[in-house]
Amino acid sequence: MSKDIKKCVLCGMCKGVCPVLKILLEETQGPRGRAILIKNNFLEKEAIYNCTLCKACEFSCPAKINLSEIIIKAREELVKKGNETKANKKMIENIRKYGNPYGKIKKGEIPKELYCC
Amino acid sequence: MNNEKNLNEKTIQELKKICKFSNNKKDCLVYSFDASEFKGKALGVAWPENPEQVKKLLKICNKYRIPITPRGGGTSLTGGSAGFNSIVIDLSKMNKIISLNKEKKVVIVEPGVVLDNLNSLLKKFDLIFPVIPASHKTCEIGGMISTNAAGERAIKYGKTIDWIKSLEVYLPNGKKIKAKNNKIKDFAGKEGLNGIITKAELRLKEKTRTRSLNFLKFEKNEEIIKKIKEIIKNKNISAIEFINPYCAELINLEAKNYLIIEYESKEGEIKSKKKIEKIWKIRESCGPVLTQKGWIIMEDPKIPLKKMNNFLNFLEKNKIPCFGHIGIGILHPRFQLNQKELVKKMFKKVKKLGGEISGEHGIGITKKEFLNKKMIENFKKMKKIYDPYNILNEGKVI
């Protein structure tokens with residue numbers, strides 16, 4: 001676990017600016033929820049992967065925690081253990097195979113599925 | 001005391017039929033916390049989207065005697081919104097601004113509306129909900145009502161309760177009541193112990209156009225009290241904020257006592273909008289900077305003005321950094337995590353001085369041990385009327 005996350009006092013100042021939380025309105029899907037999961041060594045893929053890494057939470061954090069870096073590290077951990085999301089696996093597979101995250105598509109064609117984190 | 005409880009599969013299925021409900025590990029873990037240091041244990045989380053779903057959730061929990069923790073923005077500093085062997089009812093999805101009457105300056109909102117979202121809408125109509133606590137970016141109206149939140153301008157605008165016209169509340173038996181006049185106080189400031197607020201009719205005011213400030217420095221504590229006594233009856237004053245020398249040093253000011261006096265008139269010496277904003281930023285930086293520097297625990301005692309000098313001397317003697325709304329007697333002394341004994345010592349002092357242990361954050365769970373018998377009896381009397389099976393916030397406050 002990152003040392004930085006230990007500085008998080010769960011004040012919740014990050015909640016008001018998170019674009020994901022604004023839509024989903026569930027604490028688990030917001031920055032403080034992710035911080036709680038990481039602090040408690042519970043890397044849950046859905047919550048970790050639905051962060052947009054926009055860093056809005058970092059600007060409102062009184063403890064100046066780089067949550068996006070911590071999220072990236074958490075994703076690395078999940079990948080190492082093979083626990084990343086299916087979409088992430090597919091995206092990497094497509095990039096390796098076709099050089100793009102969408103899979104086999106012809107020039108000008110709209111991808112049928114968008115694989116991204 | 002609240003005992004270990006578990007939900008059985010039948011109850012889980014019944015709850016899932018009402019609204020989104022989860023009892024998975026991640027949601028239970030996250031909802032076992034709020035902005036306090038307290039860690040509870042959520043048995044599950046429900047996200048109702050309308051009053052009817054709240055009613056159904058309450059009825060089922062009342063039937064099976066399952067404790068409920070109502071929750072808004074989860075910014076409680078006392079463990080009030082953390083699950084505690086209970087189902088957390090997160091009201092954040094009930095976030096509609098139902099109606100606005102610009103002429104009468106009245107708005108009807110659901111409990112999950114975030115204060116800043118409400119005020120950014122009201123700004124377009126030159127209106128404001130003037131009770132603004134420090135957590136305004138994330139706190140929700142339901143939580144503000146339940147804790148009777150105050151804020152920097154409470155000296156002029158009072159607390160949340162002063163702006164409530166009526167409340168729609170669901171009781172544990174599923175009965176809906178409309179609380180008006182004297183009944184409002186049975187729910188406002190009662191930390192969700194008596195019912196769940198599903199609608200609030202709030203009074204508003206026109207936005208203030210004129211502001212000015214005085215930013216004063218003092219050597220001695222008694223000089224501050226003398227100044228406050230001099231100005232406190234001035235109706236144009238909208239805030240009297242305080243920073244003590246230990247706090248001042250931590251935010252890189254000279255180690256002195258400071259008062260920020262805000263006027264909604266031109267009486268203050270500082271009139272430039274930019275300078276006013278700069279000074280407020282200094283005051284608002286106190287909380288975040290102290291947190292960063294390890295002064296994590298924040299309390300909110302309320303001290304009578306005539307005893308304030310004594311309390312300020314206590315803070316000085318114990319080198320406790322402090323800031324707060326001195327105009328209304330509410331201060332925010334800060335402590336490090338290893339100073340819990342000093343926190344207890346401070347509460348003893350507060351009681352001795354005839355003060356209140358919580359001026360605006362509520363009792364929750366972290367301040368239960370400091371509550372006096374009379375307050376406990378009052379809470380218990382109301383519990384008998386509204387929540388005889390004690391399912392709402394069981395184990396909290398009383």
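Helix H7 (residues 221-231) of chain B lies across E12, strand E13 (237-243) and strand E14 (257-263) of chain B, and runs at about 10° to E14(B). Helices (H or I, at least four residues) and strands (E, at least two) are DSSP runs numbered from the N terminus. Axes are lines fitted to C-alpha atoms, for helices over the stretch in contact, with angles from 0 to 180 degrees between N-to-C directions. Contact between two residues means that their C-beta atoms, placed from the backbone, lie within 7 Å. This is a predicted model, in which local features need pLDDT of at least 70 and side-chain atom pairs count only at pLDDT 80 or more, while totals for chains, interfaces and linings use all residues. Residues are numbered from 1 along each chain as its sequence is written, and chains are lettered from A and ligands numbered from 1 in the order in which they are written.

The sheet in chain B is open and has 6 strands in the order E12-E14-E13-E16-E17-E15, with antiparallel pairing. Strands E12 (212-218) and E15 (297-298) of chain B are at the edges with a single partner strand each, so one side of each has no neighbour in the sheet. Two strands pair if DSSP finds at least two bridges between them. E15(B) is joined by 2 bridges to strand E17 (residues 330-335) of chain B, in the antiparallel sense; there, Ile297(B) has Phe335(B) as its bridge partner.

E14(B) pairs with E12(B) over 7 antiparallel bridges, and Leu213(B) stands opposite Glu262(B). E13(B) is joined to E14(B) by 6 bridges, also antiparallel, with Phe242(B) partnered by Leu259(B). In E14(B), 7 of 7 residues are buried, that is, each has 20 or more other C-beta atoms within 10 Å of its own, whereas 12 or fewer would count as exposed and values in between as partly exposed, with C-beta atoms placed from the backbone. Asn257(B), Leu259(B), Ile261(B) and Tyr263(B) point one way from the strand, and Tyr258(B), Ile260(B) and Glu262(B) point the other way.

The domain assignment, automatic or from a database, divides chain B into domain 1 (9-93), domain 2 (97-207) and domain 3 (212-352). The C-alpha centres of domain 1 and domain 3 of chain B are 36 Å apart.

Finally, the contact between chains takes 25 residues from chain B and 22 residues from chain A. On the side of chain B that touches chain A, H2(B) gives the most, with 5 residues.
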